[in-house]
Amino acid sequence: MNKPLIGAFFAALLLGAGITPAVAAESAQAQESATETATETAPAVKAVTFAGTVALSNCSGSVVRSPDSQPTDPALVLSNGHCLETGFPGPGEVLVDRPSTRTFTLLNASGAGVGTLKASKIAYGTMTDTDLSLYELTSTYEQIETSYGIKALELESAHPVAGTAITVASGYWKRTYSCDIDGFVHQLKEGRWTWKDSVRYTPECQTIGGTSGSPVIDDVTGKVVAVNNTGNESGQECTDNNPCEVDENGEVTVREGINYAQQTYNMVPCIGTGNKIDLDREGCGLPKP
């Protein structure tokens with residue numbers, strides 16, 4: 001796992017001579033034309049900032065909303081299951097509606113802390129099939145926007161696509177990592193835990209301890225498509241901090257230095273009226289207690 005706090009500090013301490021003028025001019029014109037065409041057809045990229053991200057005591061996170069969340073709903077904070085103050089949930093363990101008074105530092109676009117948000121409960125948390133925690137706050141989205149001028153990040157409701165340009169925004173480190181979605185992993189095994197259909201980053205996203213729980217944001221839509229959670233640190237196979245990939249045939253692959261995230265589209269149907277987590281709602285893909 002991208003360890004919550006242990007090791008985060010150390011990780012932070014520890015990128016043609018023979019061409020004729022006529023051909024050169026034609027080449028330059030063609031390149032200019034291709035650039036103009038690409039500019040016209042490429043989707044507009046949203047500037048990813050820290051607005052809406054939060055810093056936990058040991059991890060990163062973000063204030064998120066589903067497409068159907070209302071301004072008067074209690075806001076939700078997304079992070080990892082392994083970032084819970086109650087400790088790592090065991091395999092098969094699912095936490096629902098557990099009281100919590102945890103606090104979060106809300107960041108603005110530049111990464112400055114602008115206020116403190118407080119949880120009323122752990123609405124959901126698990127490390128089974130995914131690595132996810134959702135906190136319900138004592139503040140509504142409307143109250144947060146009125147007080148701080150910051151809107152929640154919206155959760156994407158569709159499965160992400162390989163090749164998508166993404167940004168991992170860490171509120172803990174106030175640092176971003178940019179890369180693409182390289183692909184998806186049938187099963188990602190790390191120590192006692194197994195996660196399904198995980199997102200694998202291209203090598204550019206070298207996330208470190210403390211980035212756990214960071215939102216993974218689609219650079220075009222600005223929506224959250226996953227939550228950052230782990231990476232293979234030293235090339236070991238399926239051990240703590242060294243997840244391995246297992247395909248449909250049981251073949252194991254180790255990718256040292258590659259990092260991963262857990263998709264979030266499958267939790268959108270679980271968020272019902274009033275932002276209440278309802279694991280029985282149609283389409284809800286989260287494990288039940």
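This is a predicted model: local features need pLDDT of at least 70, side-chain atom pairs count only at pLDDT 80 or more; totals for chains, interfaces and linings use all residues.
Trainee: Fine. How many helices and strands does the protein have?
Mentor: Three helices and 16 strands. Both are DSSP runs, numbered from the N terminus: helices are H or I with at least four residues, strands are E with at least two.

Trainee: What share of the residues is buried?
Mentor: 48% of the 289 residues. Buried means under 20% relative accessible area, exposed means over 50%, and partly exposed is in between (1.4 Å probe, protein chains only).

Trainee: On to disulfides. How many are there in the whole structure?
Mentor: Four. The cut-off is a pair of cysteine sulfur atoms within 2.5 Å. Count the bonded cysteines along the chain and the pattern reads 1-2, 3-4, 5-6, 7-8.

Trainee: What is the S-S distance for Cys 59 and Cys 83?
Mentor: Their sulfur atoms are 2.1 Å apart. Cys 59 sits in the loop between β1 (53-55) and β2 (60-65), and Cys 83 in the loop between β3 (74-79) and β4 (94-99), so the bond ties together parts 24 residues apart in sequence.

Trainee: Is that link of Cys 59 and Cys 83 left-handed or right-handed?
Mentor: Left-handed, with -85 degrees about the S-S bond. Both Cys 59 and Cys 83 are buried.

Trainee: Which cysteine does Cys 179 pair with?
Mentor: Cys 205, with the sulfur atoms 2.1 Å apart. Cys 179 is in strand β10 and Cys 205 is in the loop between β11 (193-201) and β12 (215-218), so parts 26 residues apart in sequence are tied together. The torsion about this S-S bond is about -100 degrees, so the disulfide of Cys 179 and Cys 205 is left-handed.

Trainee: Why does Cys 179 count as buried?
Mentor: Because its relative accessibility is 7%. Cys 205 is buried too, at 0%.

Trainee: And what is the handedness of the disulfide of Cys 238 and Cys 244?
Mentor: Right-handed, because the torsion about the S-S bond is about 95 degrees. The sulfur atoms of Cys 238 and Cys 244 are 1.9 Å apart. Cys 238 is partly exposed at 21% relative accessible area, whereas Cys 244 is buried at 0%.

Trainee: New topic. How many salt bridges are there?
Mentor: Eleven. The rule is a side-chain nitrogen of Lys or Arg within 4 Å of a carboxyl oxygen of Asp or Glu.

Trainee: Where in the chain are Lys 121 and Glu 136?
Mentor: Lys 121 is in strand β6 (residues 113-126) and Glu 136 in strand β7 (residues 132-140), 15 residues apart. Their side chains meet in a salt bridge at 3.8 Å, N to O. Both Lys 121 and Glu 136 are buried.

Trainee: What about Arg 200 and Glu 245?
Mentor: Their side chains form a salt bridge at 3.0 Å, N to O. Arg 200 is in strand β11 and Glu 245 in strand β14, so this pair ties together parts 45 residues apart in sequence. Arg 200 is buried at 10% relative accessibility, and Glu 245 is buried at 7%.

Trainee: How far is Arg 255 from Glu 245, N to O?
Mentor: 2.8 Å, in another salt bridge. Arg 255 is in the loop between β15 (252-253) and β16 (259-263) and Glu 245 is in strand β14, so the parts they tie together are ten residues apart in sequence. Arg 255 is partly exposed, with a relative accessible area of 31%.

Trainee: Which residues do shared partners join into one network?
Mentor: Asp 97, Lys 121, Glu 136 and Lys 276.

Trainee: Last one. Which residues other than glycine have a positive phi?
Mentor: Among them are Lys 174, with phi near 55 degrees, and Asn 241, at about 70 degrees. Lys 174 lies in the loop between β9 (165-170) and β10 (175-190), and is partly exposed at 44%. Asn 241 lies in the loop between β13 (224-231) and β14 (244-246).

Key. Residues are numbered from 1 along each chain as its sequence is written. Side-chain values use heavy atoms; hydrogens and water are left out.
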